[in-house]
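Let's take a walk through this protein together, one piece at a time. Keep the sequence and the 3D view side by side as you read.

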Amino acid sequence: MNRRIKKVAIIGSGIMGSGIACHFANIGVQVRLFDIVPRELNDKEKSKGLTLDDKVVRNRLVNESLQKTLKSKPSPIYHKDFAKRITTGNLEDDLHLIRDCDWVIEVVVERLDIKQKVFEQIEKYRQPGCLVTSNTSGIPIKFMNEGRSEDFRQHFAVTHFFNPPRYLKLFEVVPGPDCKQEVRDFLMQYGEKFLGKTAVLAKDTPAFIGNRVGIFSIMNLFHVVKEMGLTVPEVDKLTGPVIGRPKSATFRTVDVVGLDTLVHTANGVAQNAKDDEMHDTFVLPEFIDKMMENKWLGSKTGQGFYKKVVDDTGKKSILALDLSSMEFKPQEKAKFPTLELTKSIDNVIDRFKVLVSGKDKAGEFYRKTFTALFQYVSNRIPEISDELYRIDDAMKAGFGWEHGPFEIWDAIGVEKSNKLMKDNAYEPNRWVQEMLDKGFKSFYTIKEGVKYYYDIPKKEYVKIPGQDAFLILDNIREAKTIWHNAESAIQHLGDGVLNLEFQSKMNTLGGGVLEGINKAIDLAEKDYEAVILGNQAANFSVGANLALVFMMAVEQEYDELAMAIQMFQNTSMRLRYSTVPTIVAPHGMTLGGGCEMSMHADKVVAAAETYIGLVEFGVGLIPGGGGTKEMARRVAEPWQKDDVKVNRLREAFINIAMAKVATSAYEAFDLGYFEKGKDIVVVNKERQIATAKRYAIQMLEDGYTMPSPKEVYVLGRQALGMFYVGTDSLKAGHFASEHDQLIANKLGYIMAGGDLSEPQNVSEEYMIQLEREVFLSLLTERKTLERIEHMLKTGKPLRN
């Protein structure tokens, strides 16, 4: 069946329901969002003389819930205009409108009786073949399906989103017992391709896959922490970025999510998985019971494992809970010798062998927690999944782990891990030993750029399905790299398309990366066909190597600085003016120079979650890699009326001076970083490089020709006067410091095209020379160097 999703109905407008509605709106789907009718008027409605029959009253709950979600941070919506795709209604007056919906998703309270009533109402109005799914986190499908028609049951499944739906990638698909195979396949494909998720097929078992393993991991950690006498800050140090987990680690994450939410899920597993061999692990430790009793639930109640306080002098600090005394105390910096050994190991996956070999408390902690986790996941097959890779996928997409349990097990070594497990009174399921006995020494292997997993029933490696839509650099890097230096590498993706991958720290743009870009274009122009700038790190690039710039400026190596800036500018311009198509694939943080590279390519294939901006002003500089020139070029076209040119130029100036960063790729079009009709957005980041390759091939087939040099229409003194008056006003009103005004005036000078007597066209080379001169002049300012130093030390801009 060639199924299309044009309109979706969401039943329940709480945090999850409204969030799911927003994400469907993000991808262009029309959404109907429903909730119950209020049973009484609020004070505001009474003062207006409204009644319970008024539509505004009857839709109050759904409208308030949606507006609250739309105002939340981070935003659930890619662009404010996308919210117009959502219409609201109530379950008594408007449910008949689901007749024209292709998919109905139930997101009401976790009570079986209420869900059954909702499904009964849905059945009255849905058309045959309409998908119906539940976002339940654990109610068995057989109970929710009771009394429903055959067609309903054949098109029913659980589709479990994680909160917040825009940002967390896990999408668990749990088919009902009567669900058609084609429905299951469609939901998996739609989740990955259209919703941008990692779609994981799960079984109808307590907490499915993600929460079953994730909650076990946290609950086991709670018991280990108490047993070992570790502090809250120590655990967060051990379970954060050092092992590829989010910065919020364990206890900060629980504070954000809410301890009550964790406890609810843990209790659900304890009650419904009584045969689980680790059942006792889900029993709440005493300190959790005490916290629940005290309502120390985290951010929502003002204190949890951490508590923000302000002393008598107004100084703010964050206290940590002492799990023994149950008192909040000042944090002590956590230090472990084992962690020091990993500082020189950039790749997280390579750290695990070192971590479990540690001779201190950290090493003991990792051995205890990882070995328990390994036993647990090996025993969950085939209970919660038939394939081990789905467990890894769920943990990475749902809990933000960089590596799943079986991947970590492989990194340590399966045989070595099994010995560690025995030493800690754990043992793997027998299928693991059978795998080793048959000569398979790891759970995964890569063959010719394709990833395989160990299939337990078949007792052999099997290709992980769905990889054909992706180009995964980790899988092809070793076989496809044709050139590399210390900061970058070039891979041949096939069909003459090269990919230049940044490999510097934080993907900063230093000499090695610039060399790599130029080398890729050299090779493409001589022996290949096209160049992509793409990587699959957490962020595309945080910009230029500020530490190097700072060092050269402090040592007053101005000639070398001028050459470095010119090389950066020349590289940007070469992306635009080469004989081969160039495509940049930004994602995550794409700041400063990363943004400038994107703005100069023939095409941008951006991930929806791209946070892009020209942020140099924050360190006392202006965009010097062609970004200031490019913004001026984009906003002032000769055919526009003068007032339009001036207004657009003012907006671009403000965006740079405020260091505005787009909160999504769609917002980047509004800010001028991407261009409509040229640049595109993909929702699933994993598809990005494959999509970029496809566009490169299409550009070649269409007969790509190098663009002709562009001129920049500048307004000269007409714009310069506007900028200077504006910065004078800001300075006089104490909204800008003297240094801020200096930077802003220099920025305005470039965007105006200099002190020209009348509007005219100038060359791009003229504009980037202005950029270079201003950039260098700012590096002679003491205040600029102070700002750069502050950024390098704290990661935050300093406002003078």
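In helix α19, which spans residues 414–423, V414, S417, N418, L420 and M421 are buried, meaning under 20% relative accessible area with a 1.4 Å probe and protein chains only. These residues sit on the same side of α19 because they cover an arc of only 160° around the axis, taken from the directions from the helix axis to the C-beta atoms. K419, K422 and D423, on the other side of α19, are exposed, which stands for over 50%. The cover over the buried residues includes α15 (352–356), α16 (361–379), α18 (405–412) and α20 (430–437). Just after α19 comes A425, with a positive phi of about 70°.

This is a predicted model, where local features need pLDDT of at least 70, side-chain atom pairs count only at pLDDT 80 or more, and totals for chains, interfaces and linings use all residues. Residues are numbered from 1 along each chain as its sequence is written, and side-chain values use heavy atoms, leaving out hydrogens and water. Helices (H or I, at least four residues) and strands (E, at least two) are DSSP runs, numbered from the N terminus.

**An open sheet**

Now look for the eight strands that form an open, mixed sheet in the order β3-β2-β1-β4-β5-β6-β7-β8; two strands pair if DSSP finds at least two bridges between them. β3 (86–90) and β8 (198–201) stand at the edges with a single partner strand each, so one side of each has no neighbour in the sheet. Strand β2 (residues 30–35) runs parallel to β3, joined by five bridges, and F34 stands opposite G89 in β3.

Definitions and conventions: Contact means heavy atoms within 4.5 Å.
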